[in-house]
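Take a look at the structure below. The paragraphs after it lead from the overall fold to single residues.

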Amino acid sequence: MPRRLPLPAVLLASLTLAACSHAPRPEPAPAPAAQPAPPPAPMPTAAAPAPAPKDDSAERAAREAAATLAERIHFDFDKSDLRGADQAILDRKLPVLAGHASLRIRVEGHCDERGSDEYNLALGMRRASEAKRYLVGHGIAGDRIEVVSYGRERPLDPGHDESAWAQNRRDEFVTLSGTVALR
């Protein structure tokens, strides 16, 4: 006796055969690439005034004045007297100090590594005091200038030759308070 197939199986088989019996459909053509939309036209606005060019001459002058104040002076071996070139450096500091009454500085005396600690501390103090004496003698109030000696404790150049020693025999100038105002 022939066997009967359930109705859902017969329907599934007939749909499958019907789908396979049709001629293949051509593949659809690819869609053209989308072009980006052009940016919207700018809205007309009133022209903003161009920013004024920055006048950095005052800033440059302030930087130069600060660099002048920080300029070191140097000394000969075992000496505390000011050499001509060092007096010229101090002369450049005078208008900066005179023009900015709020400035207070510290003059730090330094020595090379030769000599005892006590001797170098005393020599460093004589060097710092000599620079202060020069500035005060040219019109700067003495209460605006501190002096200190570091002797040989803070070498600029750690070498052990004449070149290093020459760099270490110096006065440093540190701004304690006040600023070089931008004018």
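Helices (H or I, at least four residues) and strands (E, at least two) are DSSP runs, numbered from the N terminus. Tyr-134, for instance, lies in helix α4. This is a predicted model: local features need pLDDT of at least 70, side-chain atom pairs count only at pLDDT 80 or more, and totals for chains, interfaces and linings use all residues. Residues are numbered from 1 along each chain as its sequence is written, and side-chain values use heavy atoms, with hydrogens and water left out.

Start with the overall plan. The protein has 5 helices and 4 strands. From the N terminus, their order is α-α-β-α-β-α-β-α-β. Contact means heavy atoms within 4.5 Å. Of the contacts in the protein with a separation of 6 or more, 75% are between residues 24 or more positions apart. Buried means under 20% relative accessible area, exposed over 50%, and partly exposed in between (1.4 Å probe, protein chains only). By that definition, buried residues make up 27% of the 183 residues.

Now the sheet. Two strands pair if DSSP finds at least two bridges between them. In which order do the 4 strands lie in the open sheet? The order is β1-β4-β2-β3, and the pairing is mixed. β1 (73-74) and β3 (145-151) are the edge strands, each pairing on one side only.

Follow the pairs across. β1 and β4 are antiparallel, with 2 bridges. Here Ile-73 has Asp-171 in β4 as its bridge partner. β4 also pairs with β2, again in the antiparallel sense, over 6 bridges. Arg-106 is partnered by Val-174 of β4, and Arg-104 by Ser-177 of β4. On to β3: this strand runs parallel to β2, and 6 bridges join the two. Ile-105 faces Ile-145 in β3, while Gly-109 stands opposite Ser-149 in β3. Why is β2 described as largely enclosed by the rest of the structure? The reason is that 5 of the 7 residues of β2 are buried.

Next, the helix across the sheet. Axes are lines fitted to C-alpha atoms, for helices over the stretch in contact, and angles run from 0 to 180 degrees between N-to-C directions. α4 lies across β1, β2, β3 and β4 (170-177), at about 155° to β3.

Return to Tyr-134 in this helix. Tyr-134 is buried, with a relative accessible area of 14%. Beyond neighbours within four places in sequence, Tyr-134 is in contact with Leu-82, Gln-87, Leu-90 and Asp-91. Tyr-134 and Leu-94 are 40 residues apart in sequence, yet 9.9 Å apart in space, C-alpha to C-alpha.

Ser-80 is in the loop between β1 and α3. Is Ser-80 buried or exposed? Ser-80 is buried, at 18% relative accessible area. Not counting residues up to four places away in sequence, Ser-80 touches Phe-75, Leu-123, Arg-126, Arg-127 and Glu-130.

Two helices come next. Two packed helices are described by the angle between their axes and the distance between the axes. The axes of α2 and α3 come within 9 Å and cross at roughly 125°. Ala-65, Thr-68, Leu-69 and Ala-70 of α2 meet Arg-92, Lys-93, Val-96 and Leu-97 of α3. Thr-68 touches Arg-92, Lys-93 and Val-96, leaving out residues up to four places away in sequence.

Finally, the core. A nonpolar core is a set of buried Ala, Val, Leu, Ile, Met, Phe, Trp, Tyr and Cys residues joined through side-chain atoms within 4.5 Å. The largest one has 20 residues, of which Ile-73, Leu-90, Leu-97, Ile-105, Val-107, Leu-135 and Phe-173 touch the most other members. The elements giving two or more residues to this core are α2 (57-70), α3 (84-99), β2 (104-110) and α4 (117-137). α3 gives the most, with 5 residues. Phe-173 has contacts that include Leu-69, Ile-73, Leu-90, Ile-105, Val-107 and Ala-131, not counting residues up to four places away in sequence.
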